Protein chains: 2
Amino acid sequence: MKIKVAQFGLGPIGIETVKLAATKPWLEIVGGIDIDPQKVGKSLGELTGIKSLSKAKVYSSFGELLKKTKPACVLHTSVSRMPQAAPQLEPIIKAGVSVVSSCEELLFPQLRAPAIAKKLDALCKKHKSRVLGTGVNPGFVMDTLAICLTGVCRSVESIEIERVVDASLRRLPLQKKIGSGMQPAEFRRLFREGKMGHVGLVESLALVAHALGWKIGKINETCEPMIAPQKIKTQFLEVPKGLTCGIHHRAEASAGKHKLTLDLKMYLDAKDPRDAVKIIGDPPIDAVLRGGVHGDRATVAALVNAVPNVLRAQPGLLLMTDVPIPHAG
Amino acid sequence: MKIKVAQFGLGPIGIETVKLAATKPWLEIVGGIDIDPQKVGKSLGELTGIKSLSKAKVYSSFGELLKKTKPACVLHTSVSRMPQAAPQLEPIIKAGVSVVSSCEELLFPQLRAPAIAKKLDALCKKHKSRVLGTGVNPGFVMDTLAICLTGVCRSVESIEIERVVDASLRRLPLQKKIGSGMQPAEFRRLFREGKMGHVGLVESLALVAHALGWKIGKINETCEPMIAPQKIKTQFLEVPKGLTCGIHHRAEASAGKHKLTLDLKMYLDAKDPRDAVKIIGDPPIDAVLRGGVHGDRATVAALVNAVPNVLRAQPGLLLMTDVPIPHAG
């Protein structure tokens with residue numbers, strides 16, 4: 001039997017999620033949800049160009065969709081932060097419907113929003129809903145992958161996780177998001193105001209620590225601009241020498257003798273793009289995904305692939321460590 | 001509360017498993033099981049040198065152990081094949097006790113022993129027992145790791161999994177098992193008789209295919225001797241030029257346009273030891289664990305680390321794809 005899903009949020013990532021979900025014979029897309037009046041009332045067929053979705057309408061809220069059809073799971077790709085996500089998730093949970101979300105803070109909501117997390121978890125258990133935050137980063141390369149690799153370790157002393165993304169190969173919004181062309185001083189000011197940097201990095205760190213049972217202290221976080229060593233030209237923009245061409249975001253924490261380091265560089269013309277996990281342990285593990293995992297392509301895959309696993313898990317606000325190992329399907 | 005475990009099989013791997021389990025504060029070792037009359041009646045403290053295990057006795061069968069104490073989970077490291085494993089597992093399952101086993105065929109018992117698998121699964125469900133076969137290979141590097149990496153793929157066309165083990169760094173039994181010093185003709189004869197080659201390679205392949213929903217045809221298997229290009233000397237033995245210095249075991253299968261290849265080389269003085277997974281898909285993944293994962297050290301870790309995950313899963317004869325992602329604890 002096909003799993004009925006609805007798509008919450010019809011921005012670029014939401015549309016990509018629908019397009020991928022439409023290729024999976026084990027999923028049935030029953031509708032979409034977006035607040036944009038330009039989209040409400042249209043069909044997902046019109047928004048995606050996929051004819052088989054002509055009967056899947058876009059509604060202005062989950063409540064409106066629920067009057068017409070009840071999905072088993074909602075794919076949620078609208079916001080990054082828990083305070084914004086919670087009011088969107090609550091009606092879904094109360095309907096006993098499960099959620100797979102790209103909301104970055106939902107990867108480990110206990111970190112920044114423990115009260116909301118507790119409330120949603122209780123609500124999930126009461127209404128038999130399962131809610132999971134996942135994706136590629138956060139969700140896989142800097143957390144789940146590292147956790148999975150420790151599965152063959154007798155003991156783990158420290159873990160160093162590194163991701164280098166060549167932003168030149170990515171779409172314009174990402175090239176802008178990393179501050180391309182910005183004055184370095186402006187970049188640093190925006191980071192101090194919480195408006196620059198990779199949302200989810202500290203959640204990845206907290207998830208790895210949680211999986212290993214490490215009681216970490218304060219997470220030390222730095223985010224510095226990468227500086228263009230010469231003029232850089234991409235398909236979309238140009239960065240003069242000396243201005244920002246990307247981010248170098250780092251998070252570190254300790255638990256006794258254990259140390260956890262996450263180092264993320266996303267910049268234009270990055271050298272040797274890769275995802276790497278180094279485990280100092282017994283046995284040691286030195287893993288590299290050469291070329292790295294393509295974020296945009298892979299994030300929607302992580303969401304869609306998670307649906308069957310989430311539905312198999314116990315009700316609750318779930319972590320990646322609560323569901324079976326992810327896999328393509 | 002600590003999880004009570006018992007160790008079934010007190011050969012070298014069993015003893016290593018007990019020693020590792022004894023370091024985990026969340027486990028309590030309540031006893032051991034072995035048919036060796038030299039071991040029965042002794043304590044695990046005597047057999048391992050760990051004083052805290054002086055009250056954990058060795059029994060001649062699970063039934064004898066059960067008269068004194070009831071573990072939640074049995075760590076089972078005695079045999080490689082399902083026909084030998086099944087009679088050992090049945091009494092444990094009937095007692096409602098769960099099992100984590102290194103039995104290679106148990107990784108995907110539906111492949112070679114579908115009738116036994118069906119029977120044990122029904123028994124598990126009846127008695128609320130969970131049984132999982134795992135380890136490093138099979139169990140992780142040539143199956144679970146590859147499966148987990150597909151979790152960020154929109155689609156997977158083919159997968160090539162490669163493991164190269166430098167047997168010079170391993171213990172004597174392994175150096176012998178791979179045919180070191182054997183005439184190549186003798187090696188080939190033993191493989192044809194099913195007495196040479198890596199038990200579990202085809203199970204790894206079948207597990208990956210199962211996870212991806214690929215209905216594979218016949219598994220093509222080859223196993224050739226690696227030939228010493230010159231005299232090789234290890235800590236334990238010498239191989240003259242021209243004789244066998246290891247195995248090259250390969251398994252391949254197709255499902256329509258999909259192809260799955262597992263290539264395992266274990267030989268003396270191996271060049272560039274590694275575990276590699278190449279996914280031809282969208283996005284592609286090119287993963288390498290440089291130096292590879294040390295088999296002996298890691299196998300017992302995979303077993304011990306699996307215990308909490310197995311106890312969280314639904315009753316049944318489980319696959320690695322049925323339990324949460326493995327991690328150290």
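Q: How many residues does the contact take from chain A and from chain B?
A: This is a predicted model. The contact draws on 42 residues from chain A and 42 residues from chain B. On the side of chain A that touches chain B, at least two residues each come from helix 6 (144–149), strand 7 (155–166), helix 9 (201–212), strand 14 (285–290) and helix 10 (295–312) of chain A. Strand 14 of chain A gives the most, with six residues. Sorted by class, this side holds 25 nonpolar, 11 polar and six charged residues.

Q: Why do the copies meet through the same surface?
A: They do so because 100% of the interface residues of chain A are also interface residues in chain B.

Q: How are the two copies related?
A: Two copies of a chain are related by a rotation about an axis and a shift along it. In this model, chain A is superposed on chain B by a rotation of 180° with 0.0 Å of shift along its axis, at an RMSD of 0.0 Å. The two copies are therefore related as by a two-fold rotation axis. Among the residues of chain A, A:Pro324 comes closest to the rotation axis, its C-alpha lying at 2.0 Å.

Q: In which sense do strand 14 of chain A and strand 14 of chain B run, parallel or antiparallel?
A: Strands of a sheet pair through backbone hydrogen bonds, either parallel or antiparallel. Here strand 14 of chain A and strand 14 (residues 285–290) of chain B run antiparallel and are joined by three bridges. A:Val288 has B:Val288 as its bridge partner in strand 14 of chain B.

Q: In what order do the seven strands of the open sheet of chain A stand?
A: The order is 3-2-1-4-5-6-15, and the pairing is parallel. Strand 3 (58–59) and strand 15 (316–318) of chain A are the edge strands, each pairing on one side only. Two bridges link strand 2 (residues 27–33) of chain A to strand 3 of chain A in the parallel sense. A:Gly32 stands opposite A:Val58 in strand 3 of chain A.

Q: Which domains does the assignment give for chain A?
A: The domain assignment gives domain 1 (3–135 + 297–322) and domain 2 (144–292) of chain A. Their centres, taken over C-alpha atoms, are separated by 27 Å. Nine residues of domain 1 of chain A are in contact with 11 residues of domain 2 of chain A. The side of domain 1 that touches domain 2 has five nonpolar, two polar and two charged residues.

Q: How many residues of helix 9 of chain B are buried?
A: An α-helix has 3.6 residues a turn, so residues three or four places apart point the same way. In helix 9 of chain B, 12 of its 12 residues are buried. The buried residues include B:Glu203 and B:His210. Their cover includes helix 6 (144–149), strand 7 (155–166), strand 8 (220–227), strand 11 (244–255) and strand 12 (258–267) of chain B. Just after helix 9 of chain B, B:Gly213 has a positive phi of about 75°.

Q: Why does B:Gly246 count as buried?
A: B:Gly246 counts as buried because it has 30 C-beta neighbours inside 10 Å. B:Gly246 belongs to strand 11 of chain B. Leaving aside neighbours within four places in sequence, the contacts of B:Gly246 include B:Ala167, B:Met226 and B:Tyr267.

Terms used:
Residues are numbered from 1 along each chain as its sequence is written. Chains are lettered from A and ligands numbered from 1 in the order in which they are written. This is a predicted model: local features need pLDDT of at least 70, side-chain atom pairs count only at pLDDT 80 or more; totals for chains, interfaces and linings use all residues. A residue is buried if 20 or more other C-beta atoms lie within 10 Å of its own, exposed if 12 or fewer, and partly exposed in between; C-beta atoms are placed from the backbone. Helices (H or I, at least four residues) and strands (E, at least two) are DSSP runs, numbered from the N terminus. Two residues are in contact if their C-beta atoms, placed from the backbone, lie within 7 Å. Ala, Val, Leu, Ile, Met, Phe, Trp, Tyr, Cys and Pro count as nonpolar, Asp, Glu, Lys and Arg as charged, and the others, Gly among them, as polar. Two strands pair if DSSP finds at least two bridges between them. Copies are superposed by least squares on the C-alpha atoms of residues with pLDDT of at least 70 in both. Domain bounds come from an automatic or database domain assignment.
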